[in-house]
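Here is a colleague's note to read with the model open. Please go through the points in order and check each one on screen.

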Amino acid sequence: MSRLLSFTSVLALIAASASAADLNFNRISSFATPANMAAGEDQSRESSSEIIAATEDGMRLVYTDSPLGVVGLIDISDAAHPKPLGFVEMDGEPTSTTVIGTNAFVAVNTSKDYVTVGGKLVTVDIDSKAVVAECELGGQPDSIAKAKDGSFLVIAIENERDEDLDDGVLPQMPAGQLAMIDVKDGAADCGSLRFTDVTGLAEIAPEDPEPEFVDINDLGETVLTLQENNHLVVIGRDGKVISHFSAGAVTLENVDLTDERAALLFTGTQADRKREPDAVKWIDDEHFAIANEGDYEGGSRGWTIFNKDGTVVYDSGVSFEYAIIEAGHYPDKRSDAKGVEPESIEVGTFNGVPYVFVGAERASVIGVYDVSDLANPVLKQILPSGIAPEGIVAVPSRNLMVTANEADLIEDGGVRSHVMVYEQQDAPAAYPQITSQGADSLIGWGALSGLASDPEKAGTLYAINDSFYGYQPRIFTIDASQSPARITSALDITRGGAPAQKLDIEGVTLDGKGGFWLASEGRTDKLIPHALYNVNAKGVIKKEIGIPAELQAQEIRFGFEGIARDGDVLWMPVQRSWKDDAKGEVKLVAYNVESEEWGAVRYKLDDPAGKGWVGLSDIEIHDGYAYIIERDNQIGELAAIKKIYRVAMSQMVPAALGGELPLVAKEEVRDLLPDLKALNGYVVDKVEGLAIDADGGAYVVTDNDGVDDSSGETLFFTIGGIASVSN
């Protein structure tokens, strides 16, 4: 097949809310943790990147990998091309790490159970990748931090509770404490190990403090979070408590609190929601920031700046979560829990500007805040990360920021755990590429599964969501002329005055009369019919058309994926082969809205070469051709087929169903893999939408699966103008 078209731009729709002269963080590389496994090792083993640190020169990274019981090392001397440096075995579960000189200090859990607790501090020579020393800690460690001058370490000894015992309610002995240990000539002095007792401080289970996270300021003062106790403690270099206070609570209004209805409805209220902070970092010697992840009773969905005297200087309230909602990263399945779940936090000064980086574990994004004014932080960016960011490290000396993303979905055939590297650049922000920011009201969105263009308005597109939001089927209007593209409105699809049920909308096109035609992919085992729906300008279903008996007898789960209109004829690609299709072939089904006749042609799929399956995802008709997305179901490094093909409309002559169908010839238009790699993450699997606007500009969108076992990234980009070719 010949490549036909040369497009004028790659990913031209990038977020450019700031001018090109502004400094923005953009992702420049991603590193999959299995790459650190030695040749011949079983790469199907679960691995993870959790807490991460950088060497003082910023050239190497060290991260904890608890599933494998190792620390991993990465060479980022060329930050755009990270190189594996392998693993170091810990003989236990590593929980946190920090670096002084050429030594990594690793907190390792060696507990036998929740009562017989144990742990050790392991020193790793990064150059030789050898364990050079160990110190027993006498309890189960969590976080570790170093003094700014490298003179001592602090370790949160959590002695965590058993969440299955009495529903995890405290107290559960033994109590946690803070450990301090001196560092001399770059080596931990085991004999200097000492503890600070933090019992009797918190209002919640004062006899059982559970230290979670630590950090040290320039004065040698340690701030310690007691997450389950919802308490904060500041401890001096001498180990004495300077101050302590409750982390407090907030009332959240207009939040989504139910995940079972498959709809984004931000109408709930949570009164007096405990912050229950996880990570904490000093901003300066007087102030620190906390990520309010929550545990079994709390989680306020945001982050807070405290003065060390206990005064709240700033609280994000719902604003951080709202920004995530607008970027399409809201994890609806976590609505009844802790929402976006801010867990990790980092601080760093880049080009004279102090920043706080907030990692939302369930939304898989990093919020970048300018904290020049501590009482009024400014959200500058929402950055895409891997799935479940757990650790963040800033490397200002190299203008880098790095995230460790712990989720490894190998058991489900999904994407692996990744470390991702970002650089502050004199360039526009590359993400998000589509947002609902600026709409008249808050619009939650995700799982965009098809696109259509308005033939009268260049840059105006329409998208639909699929069955992930089964109780909220919608048609979104998109202004693609802006950067990033803007979702300006959401039209509910209704039947009988209520959200229409039993739909899995995978295609949308205009009906030429002010309304839309929708294609719904059926699933018989869930009583979802394969069908077409005509809705009016108000979203009301006016006509429902089921597939004919000739098709119904051959159907399987994977039905219509996309819809396009050519005069009175609607064309719908069937995603995968049905019962009567030859191997490697699918149907392009036609329906004449006037004569009500059905027909089809045959379409040959690319060979998946034994890797998953290949199917169709959308169709658009433009200037004598049908343009079709063909893709495999592979993700990351396994992705191989993400393409646009075209078929001349002169071949699209449907034959009657049940008889011999003509086979159309396809021509390759574009390989989308370079476009999907342009943001320097991993290749997503679901390229789901294609539209060509009134000026011939072609747009592509991906489906983020409603942020369920997904990083939530939605790529929305233009591939330039489709060349005009006459039949």
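Predicted model: local features only at pLDDT ≥ 70, side-chain atom pairs only at ≥ 80, totals over all residues.

1. The disulfide. How many disulfides does the count come to? The answer is one disulfide. Cys135 is joined to Cys190, with 1.9 Å from S to S. That falls within the 2.5 Å cut-off for a pair of cysteine sulfur atoms. The link is left-handed, with -75° about the S-S bond.

2. Cys135 sits in strand β9, residues 130-136. Cys190 sits in the loop between β13 (187-188) and β14 (194-196). The two are 55 residues apart in sequence, so the link ties together parts that are separated along the chain.

3. Is Cys135 buried or exposed? Cys135 has a relative accessible area of 3%, so it counts as buried, the limit being under 20%. Cys190 has 35% relative accessibility and therefore counts as partly exposed.

4. The hairpin of β17 and β18. These two strands pair in the antiparallel sense, over five bridges. They form a hairpin, with five residues between them. Gly239 lies in the turn and has a positive phi of about 85°. Val234 has Ser243 in β18 as its bridge partner.

5. Lys240 in the loop. Where is Lys240 found? It is in the loop between β17 (231-235) and β18 (241-246). Its relative accessible area is 57%, so Lys240 counts as exposed, the limit being over 50%. Lys240 is in contact with Val234 and Ile235, leaving aside its neighbours within four places in sequence. From Lys240 to Arg161 is 79 residues in sequence and 25 Å in space, C-alpha to C-alpha.

6. The open sheet. Five strands make up an open sheet in the order β32-β36-β35-β34-β33. The pairing is mixed. β32 (434-435) and β33 (448-453) stand at the edges. Each has a single partner strand, so one side of each is left without a neighbour in the sheet.

7. β33 pairs with β34 (residues 460-465) in the antiparallel sense, over five bridges. Which residue of β34 does Gly450 stand opposite? It is Ile464.

8. A probe the size of a water molecule, rolled over the atoms, shows where empty space is left. The search of the whole structure finds three cavities of 30 Å³ or more. The largest cavity holds about 40 Å³ of space. Its lining includes Asn465, Asp466, Ser467 and Tyr469. Leu503, Asp504 and Ile505 are also among the lining residues. By class, this lining has four nonpolar, three polar and two charged residues.

9. The second largest pocket. Its volume is about 1,400 Å³. There are 46 lining residues, and the closest to the centre are Asp466, Ser467, Arg557, Lys686 and Asp705. The lining divides into twelve nonpolar, twelve polar and 22 charged residues. Asp466 and Ser467 line this pocket and also line the largest cavity. Please look at those two residues with both spaces displayed.

Definitions and conventions
Residues numbered from 1 in each chain as written. Heavy atoms only, no water. Helix = DSSP H or I, 4+ residues; strand = E, 2+ residues; numbered from the N terminus. Buried < 20%, exposed > 50% of the residue type's maximum accessible area, 1.4 Å probe, protein only. Contact = heavy atoms within 4.5 Å. 1 Å grid on protein atoms, 1.4 Å probe; cavity = no way out; pocket = protein on both sides within 12 Å on 5 of 7 lines; lining within 4 Å. Points joined across faces, edges and corners; volume = space filled by probe spheres on them. Nonpolar A, V, L, I, M, F, W, Y, C, P; charged D, E, K, R; others polar. Pairing = 2+ DSSP bridges.
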